[in-house]
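Subject: Structure to look over

Hi,

Here is the structure I promised to pass on. Have a look at it first, and then read my notes below.

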Amino acid sequence: MAKIEKELQQAIVAMPQKEKDKLLLRLIGKDDILIQQLTFTLVEESLTMESRRDDIKVLIDKLYDTTNYSSGYLMMDMRYTNAEITRHVKVTKDKYGEVELTLKLLKECFEKQLKWIEKYSSKSDTLALYVVKRTDFLLKKVVKMHPDIQFDFHADMNTLLEYLHKYATAYYAKELQIPQKFEIAE
């Protein structure tokens, strides 16, 4: 972000309120995330958190209900969905939702599209690496949470880790030293 000189700051503050409002609205209009953040906090008054999470859950369900033509297409769709989760977090600051949605995305990959990640091959390699790296990211997020919140994810995290060490992802899980069991931090 560019630094605003002291003189310019003083000149902006001295501008008439109507001109400052016009400038402010023009600047806000150039940042889509900022518009969504302001809509979420000012218009929706942060009351739509659950419905926003539900929208992403529906997106994840649609992802796995469709027939994928290859592991590559599946990974591209997972990356798109993960980007939507990231966008949700940027807009709402929903750390719990980030973990819940990412966990659902990764776990259901094994449960609903196992044929693309069951056995290691050159075709499943990229998807396997992606899933392991996202799991590593997820573990780092969960460990930072309060133990009571970690408990909410305990069973699903252990299921995901079991899948990770059982299928095509096992090699990369070992390489990245992903634990085989999730323990709640005290």
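Before anything else, a word on contacts: two residues are in contact when they have heavy atoms within 4.5 Å. Among contacts in the protein between residues at least 6 apart in sequence, 70% join residues at least 24 apart.

Some housekeeping. This is a predicted model, where local features need pLDDT of at least 70 and side-chain atom pairs count only at pLDDT 80 or more, while totals for chains, interfaces and linings use all residues. Residues are numbered from 1 along each chain as its sequence is written, and side-chain values use heavy atoms, with hydrogens and water left out.

**The overall picture**

The protein has 9 helices and 0 strands, so from the N terminus on you read α-α-α-α-α-α-α-α-α. Helices here are DSSP runs of H or I with at least four residues, strands are runs of E with at least two, and both are numbered from the N terminus. The radius of gyration is 21 Å, well over the 16 Å that the globule rule gives for 186 residues, so the protein is more spread out than a compact globule. (That radius is taken over C-alpha atoms, and the rule is 2.2 Å times the number of residues to the power 0.38.) Along its principal axes, the C-alpha trace spans about 65 × 45 × 35 Å.

As for the surface, the accessible area comes to about 12,000 Å², and 56% of that belongs to carbon and sulfur atoms. Areas come from the Shrake-Rupley method with a 1.4 Å probe, and for residues only the protein chains shown count as cover. Buried residues make up 35% of the 186; buried means under 20% relative accessible area, exposed means over 50%, and partly exposed is in between (1.4 Å probe, protein chains only).

**The core**

In soluble globular proteins, nonpolar side chains tend to be buried together. A nonpolar core here is a set of buried Ala, Val, Leu, Ile, Met, Phe, Trp, Tyr and Cys residues joined through side-chain atoms within 4.5 Å. The largest one has 38 residues, and Met 78 and Val 131 have the most contacts inside it. The elements that give it two or more residues are H4 (49–65), H5 (71–92), H6 (95–112), H7 (125–143), H8 (147–164) and H9 (170–175). H7 supplies the largest share, 8 residues.

What does Val 131 touch, not counting residues up to four places away in sequence? The list is Met 78, Leu 106, Cys 109, Phe 110, Ile 117, Leu 164 and Thr 169.

Glu 108 lies in helix H6 and is buried, with a relative accessible area of 11%. Beyond residues up to four places away in sequence, Glu 108 touches Ile 60, Asp 61, Tyr 64 and Gln 113.

Ser 71, in helix H5, is buried too, with a relative accessible area of 5%. Leaving aside neighbours within four places in sequence, Ser 71 is in contact with Trp 116, Lys 123, Ser 124 and Leu 127. Ser 71 and Met 49 are 22 residues apart in sequence, and their C-alpha atoms are 32 Å apart in space.

**Two arginines**

Arg 52 is in helix H4. Its contacts, leaving aside neighbours within four places in sequence, are Gln 36, Phe 40, Glu 44, His 88, Val 91 and Thr 92. From Arg 52 to Met 78 is 26 residues along the chain and 18 Å between C-alpha atoms.

Arg 87 is found in helix H5 and counts as partly exposed, at 28% relative accessibility. Arg 87 touches Asp 32, Ile 33 and Gln 36, again not counting residues up to four places away. The C-alpha atoms of Arg 87 and Lys 112, 25 residues apart along the chain, are separated by 24 Å.

**Backbone angles**

Most residues other than glycine have a negative phi, and most peptide bonds are trans. Which way does phi of Lys 93 go, positive or negative? It is positive, near 60°. Lys 93 lies in the loop between H5 and H6 and is exposed, with a relative accessible area of 58%. Gln 177 also has a positive phi, near 55°. You'll find Gln 177 in the segment after H9, exposed, with a relative accessible area of 71%.

Cheers
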